[in-house]
Amino acid sequence: MSAPLLQIDDLSVTYWDRSLLGLRANGFEAVKRATLTVDAGQTLGLVGESGSGKSSIANALLGLVPPSGGTINFDGQDLATLRKGFPPEIRQKIQAVFQDPYSSLNPSMTVEEIVTEPLKVHTRMTRVERHEKAVELLKLVKLPETHLHRYPNEFSGGQRQRIAIATALALQPSLIVLDEPVSALDVSTQNQIINLLYERRDALGISYLLIAHDLALVHHISDRIAVMYLGHIVEEGPADRVYHQPAHPYTQALLEAVPLLDPARQRARRAERRGRVTTDMPRLSEKGCPFSGRCPHVMDRCTARMPPAFTVPDGGTARCFLLDDEPNEQGRSKD
Amino acid sequence: MLLTLLFCALFAEWVTPYDPLQQDLINALQGPSVEHWLGTDDLGRDVLSRLIFGSRIAVIAPAEATGLAVLIGVPIGLFIGFRGGWWDWVVMRVVEAVVSIPGIMVAIVIIAILGTGLHRAMFALGILYSTAFLRLARSVVLTEREEVYVKSARVIGAGPTRILLRHIFLNIAPPLIVQVTLTVGAVLLAEAGLSFIGIGVQPPQASWGTMLNSAASFMELSPFLAVPPGIAIVATVLAVNLLGDVLRDSIGRGVRVPSTGAPAQRMLAVPRKATTPMAPHPDDALRVEGLEIMVSPKGEAEVPVVTDMSFRIAKGETLGLVGESGSGKTVTGLGLMGLIGTGVRITNGRVMLENTNLLGLDRRDLEKARGNDVAMVFQDPTTSLNPTYTVGNQIAEVLRIKQGLSHRAARDRTIELIDRVGIPRPAQQADAYPHELSGGMAQRIAIARALSCTPKLLIADEPTTALDVTVQQEILDLFRDLQDEFGMAMLFVTHDLAVAADICDRIAVMYCGEIVETAPVDALFADPRHPYTAGLLSAMPHGQSGKPPLPVIRGSVPAPGHWPTGCRFAARCPYAIDACAKPVQMTGTDRLERCTRADELSLEPAK
């Protein structure tokens, strides 16, 4: 097997409150020693709620925030050490599509100016060549050529997201970071964009890092899924396994919180959930599992230390002591 | 007006009847006459000629000062805004020092250093007004820097110069134009002022300021002398400002709304009365009949956003109003409370809350009804709560105003309510500010406030959309519990059918400003009758399994003003036939559909 396209190891991202004199004060660790792999031509879904640190991973990977630890190996280079910005050849290979289609396109540029901007920055193409490329790019995202001379405000959210995707495709990148690309769109438009992304990935051999909060949506297009909670990657594995047989209690809670489309079954599920006794306030322990405060299966050792990554029988890993085959030994080693 | 000014300035020599400096002491201080249309001044010079020559100064002076101000202010503003840090700090302190002193004083000081004379005076004003441009450019950069498209440009690999010029500078244009015209006006006035006190343009050269100066000296003898230059200054300043507004509106490219004028006219021909079969029922908490809401986009013909909207909600019942963005569900919710903005008009229909038509109330009664009888919870709790008051105060305020409770009683009731919505340590949390709470907690506060006066109807507009799914689950549980306890009817506006399945008793599906289907929740999911409902259900992410292509509804929602005259969904409907080109009425008894083929189609239920 060849080396993965992207290998993130022990990545940490810390944001610092700066005091008046520019000295570093309180640090907030948004990502805590995260490890992720994206293979060429594959999609990794990164799922989590707000504040889980998933966008911080994206920003570190795009060179928008400096990592505070760990390595980001992309295409044979460690991006985490490039403090002075990425060289152009790396920039060309990693592109991004962001969440808000209303603010991700410059309102005072035409569609043609927007989609050809990467070409202006990175290539020596002539105006005619760029125009030809722009026509081709719009075709890739299924927009008519006539849209080239219009401004972003004339388009709907779905169309804008297509324009953003066309821009990301312009330099034929090997990885596109999709940061909540469809969460601002209506369901039907969401599916149109997901279908388009899926189709383009297979046709062009691109990899995606797909960041989203909706596990159900992510699982359709991902090969593997990683679930984040408060800066930790708590579960990782093949998409179908994570979606259908979640191993970590947090993943289970995440899936269960999405209401079912069957009102009768949903009523039954709510009644069952509310019958359970749960601890109300999250007891955040510094050392232990971040989910221990909300976890229905919490054990003593969960608050004592962060569980290591245990192998899940059907593929992947989960950081939960429930998967520990030898609980006694683990219990002893704690003392 | 401005063209005249420019013409006069350019061709002053040819249009003036007399040399502006030619003195004729015998005919000094004359009123208007045939030879001298606007009379003569103290030295017998023709006022009209001097006015025309003065216009030359009125063009040169602002051009100089404004040009200088832009050249100094904009680049520095862009630079410090983009660089930030120490550069920004130092420059901004200097600017603040300059603007804290009255402008004309600064100008006088600079002139005192440089010496008098028009060009020096304008140089002084240019430096002075550059601070305004500097601050403008800086503030635009600061906001633009955070825009996602600037972030995108960084990802593309664009360098700082490119980002600054290509992405940020372009968006400065509209406010810059306004600032330029304001400055031109201000410089014009300042020039007149400086010349008036004798340190701007030096006599005998003609400028409107010097003319005013000499007019003031002879106010007693010839009061008319001050009128021509005065009018000239006022008119020019107003004209320049007006031009700025026009330019901003036309040059601010990419900000205009595409015209929707023509199709709007056709839409006005929809039936004016409620066509949905619906008889009054004693259990009704709310009955909406034939509601129609029109919006007039700026400068364009009115277009309908909600038409023939009829539904009822029984006491203690929850009706879900479901649809894609742009379907008119939010404006319906706001319309029920009479909370409609400018340019929005309710043109038809009745909103019966028990036996009162809310739309028939005058403003005072409507305000009384809001909060007491109808309350609302909005999507984003962090913006629907006022950041400057503690959350407890915001609830207590409602109780004091609406229910006339004393401070003490309001406070006690507030803490009770905060406790009721499941917030731990209520007495302590009542003193928290909204930003100190998480989104879920803030939404609980908003719910407590909405329920403070035990309303008969609660309108919830996407109350869980901004929240994480685990928090959403808790908020939905809370709505359920509170409804059991308070017994209010609820209108739950959402785009998410799964949320509607969880919380609602009945669901009304909206598309293009009208309800296309209403049914009890179980029936709707088990047996959708309208193709749009079926399309939405099949597109739900957990409604399908497997790999793409995922099911979609082809096309997109047409904007108001572009709705088809027949069935509005026909163009996107896989089952459309010729008959769908005619307008469709709601039909049915226990559940209602707006589809000509409702009886013959068998559509796929939710999975």
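Biologist: Which ground rules apply before we start?

Modeller: This is a predicted model, where local features need pLDDT of at least 70, side-chain atom pairs count only at pLDDT 80 or more, and totals for chains, interfaces and linings use all residues. Residues are numbered from 1 along each chain as its sequence is written, chains are lettered from A and ligands numbered from 1 in the order in which they are written, and side-chain values use heavy atoms, with hydrogens and water left out.

Biologist: Which residues of the lining lie nearest the centre of the largest cavity?

Modeller: They are Ser104(A), Ile114(A), Thr167(A), Ser152(B) and Ile156(B), out of 19 lining residues. For the elements, helices (H or I, at least four residues) and strands (E, at least two) are DSSP runs numbered from the N terminus. Strand E6 (94-97), helix H3 (111-122) and helix H5 (157-169) of chain A, along with helix H7 (148-156) of chain B, each supply at least two lining residues. H7(B) gives the largest share, five residues.

Biologist: How does that lining divide into nonpolar, polar and charged residues?

Modeller: Ala, Val, Leu, Ile, Met, Phe, Trp, Tyr, Cys and Pro count as nonpolar, Asp, Glu, Lys and Arg as charged, and the others, Gly among them, as polar. On that basis the largest cavity has twelve nonpolar, six polar and one charged. The second largest cavity, with a volume of about 60 Å³, has eight nonpolar, three polar and one charged. Its lining includes Cys289(A), Cys295(A), Cys302(A) and Cys320(A), with His248(A) and His297(A) also among the residues.

Biologist: How many disulfides are there over all chains?

Modeller: A disulfide is a pair of cysteine sulfur atoms within 2.5 Å, and by this rule the count is zero. For Cys289(A), the nearest cysteine sulfur is that of Cys302(A), 6.1 Å away. Cys580(B) is in no disulfide either, with the sulfur of Cys567(B) nearest at 5.6 Å.

Biologist: Is Cys289(A) buried or exposed?

Modeller: Buried means under 20% relative accessible area, exposed over 50%, and partly exposed in between (1.4 Å probe, protein chains only). Cys289(A) is buried at 8%, and Cys580(B) counts as buried at 8% relative accessibility. For contrast, look at Asp419(B) in helix H17 (residues 407-420) of chain B: its relative accessible area is 47%, so Asp419(B) is partly exposed.

Biologist: Now the sheets. In what order do the seven strands of the open sheet in chain B run?

Modeller: Two strands pair if DSSP finds at least two bridges between them. The order is E6-E7-E8-E3-E9-E10-E11, with mixed pairing. Strand E6 (374-377) and strand E11 (592-593) of chain B each have a single partner strand, so one side of each is left without a neighbour in the sheet. E6(B) pairs with strand E7 (residues 457-461) of chain B in the parallel sense over four bridges, and Ala375(B) has Leu458(B) as its bridge partner. By contrast, strand E9 (residues 506-511) and strand E10 (residues 514-520) of chain B are antiparallel over six bridges.

Biologist: Which way do the residues of E6(B) point?

Modeller: In a regular strand the side chains alternate between the two faces of the sheet. From E6(B), Val374(B) and Met376(B) point one way and Ala375(B) and Val377(B) the other, and all are buried. In chain A, Ile94(A) and Ala96(A) point one way from E6(A), with Gln95(A) and Val97(A) pointing the other way, and all are buried. E6(A) pairs in the parallel sense with strand E7 (residues 175-179) of chain A over four bridges, where Val97(A) stands opposite Leu178(A).

Biologist: What span does helix H9 of chain B reach?

Modeller: The expected span of a helix is 1.5 Å times one less than its number of residues. H9 (residues 173-196) of chain B has 24 residues and reaches 34 Å from its first C-alpha to its last, close to the 34 Å expected. Just after H9(B), Gly198(B) takes a positive phi of about 90°.

Conventions. 1 Å grid on protein atoms, 1.4 Å probe; cavity = no way out; pocket = protein on both sides within 12 Å on 5 of 7 lines; lining within 4 Å. Points joined across faces, edges and corners; volume = space filled by probe spheres on them.
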